[in-house]
Amino acid sequence: MAAKPSVAKRLVVLVSGSGTNLQALLDEIAATGAEAYGAEIVAVGADRDGIEGLARAERAGIPTFVTKVRDHGSREEWDAALTGAVAAHEPDLVVSAGFMKIVGKEFLARYGGRFVNTHPALLPSFPGAHGVRDALAYGARVTGCTVHFVDDGVDTGPIIAQGVVEVRDEDDESALHERIKDVERRLLVEVVGRLARNGYRIEGRKVVIQ
Ligand code: GRF
């Protein structure tokens with residue numbers, strides 16, 4: 001009898017750092033099973049080597065790749081190489097889990113509407129690389145995290161889900177970021193699973209999960 005084809009969607013996860021969001025996805029998939037969760041991680045990519053995010057993937061037996069900007073003649077060439085490296089794993093969805101690079105036109109032409117990012121602030125407030133620091137410096141009393149589709153702006157794409165975290169008087173950037181990441185990891189796991197299992201459509205700025 002032929003094996004039942006897997007219904008799990010194929011995910012490529014991109015990382016640049018400690019990879020705790022990646023780990024949350026790995027743990028959930030290991031605990032639930034890829035079919036029940038709706039997705040499996042088929043590869044993990046990074047823009048640098050020597051990071052814990054890649055080590056986590058290796059420990060889980062997941063193929064990894066590294067595409068560095070400095071190994072390419074231009075940003076466009078890097079973007080094309082990244083697109084090719086991701087495409088080699090034929091993902092249904094690509095997840096940027098702390099991937100600290102802005103992708104270019106070629107990547108978005110191929111993965112626009114299928115490229116999910118998590119950002120440690122309540123967008124549209126505090127976009128960019130220092131969302132936690134900027135919210136703290138502004139004196140915001142609540143901040144949080146946003147899981148969204150990536151478009152050609154910086155943290156401007158359609159929002160899928162958000163989680164709220166209160167700012168405490170004694171917070172510094174690292175304490176606040178840790179509490180945001182607690183919420184962020186759970187939100188990312190929940191959102192990616194729902195997108196994968198249920199399917200979705202993007203209507204302008206609204207994301208409708210079926
Ligand atoms: C997350 O807060 C993400 O939103 C931000 O960087 C952090 C990555 O953490 N861009 P980790 O590498 O998943 O631990």
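**Entry 1: Asp155**

I started with the loop between strand E6 (142-149) and strand E7 (159-166), where Asp155 sits. I kept in mind that this is a predicted model. The phi of Asp155 came out near 60°, which is positive although the residue is not glycine. Is Asp155 buried or exposed? I found a relative accessible area of 15% for Asp155, so I noted this residue as buried, the cut-off being under 20%.

**Entry 2: the loop between E5 and H6**

Next I went to the loop that runs between strand E5 (115-119) and helix H6 (131-138), and I found Pro124 there. I looked up the peptide bond that joins Leu123 and Pro124: it is cis, with omega at about 10°. Phe126 is in the loop between E5 and H6 too. For Phe126 I noted a phi near 55°, again a positive value in a residue other than glycine. The relative accessibility of Phe126 is 18%, so I put this residue down as buried as well.

**Entry 3: the largest pocket**

Then I turned to pockets. I got a volume of about 740 Å³ for the largest pocket. Which residues of its lining lie nearest the centre? They are Gly98, Phe99, Met100, Thr118 and Pro120, out of 36 lining residues. I also checked which elements give two or more residues to this lining: helix H1 (20-32), E5, H6 and helix H7 (173-198). Sorted by class, the lining of the largest pocket holds 17 polar, twelve nonpolar and seven charged residues.

**Entry 4: a link back**

I jotted down one cross-reference for later.

Terms used: Residues numbered from 1 in each chain as written. Predicted model: local features only at pLDDT ≥ 70, side-chain atom pairs only at ≥ 80, totals over all residues. Heavy atoms only, no water. Helix = DSSP H or I, 4+ residues; strand = E, 2+ residues; numbered from the N terminus. Buried < 20%, exposed > 50% of the residue type's maximum accessible area, 1.4 Å probe, protein only. 1 Å grid on protein atoms, 1.4 Å probe; cavity = no way out; pocket = protein on both sides within 12 Å on 5 of 7 lines; lining within 4 Å. Points joined across faces, edges and corners; volume = space filled by probe spheres on them. Nonpolar A, V, L, I, M, F, W, Y, C, P; charged D, E, K, R; others polar.
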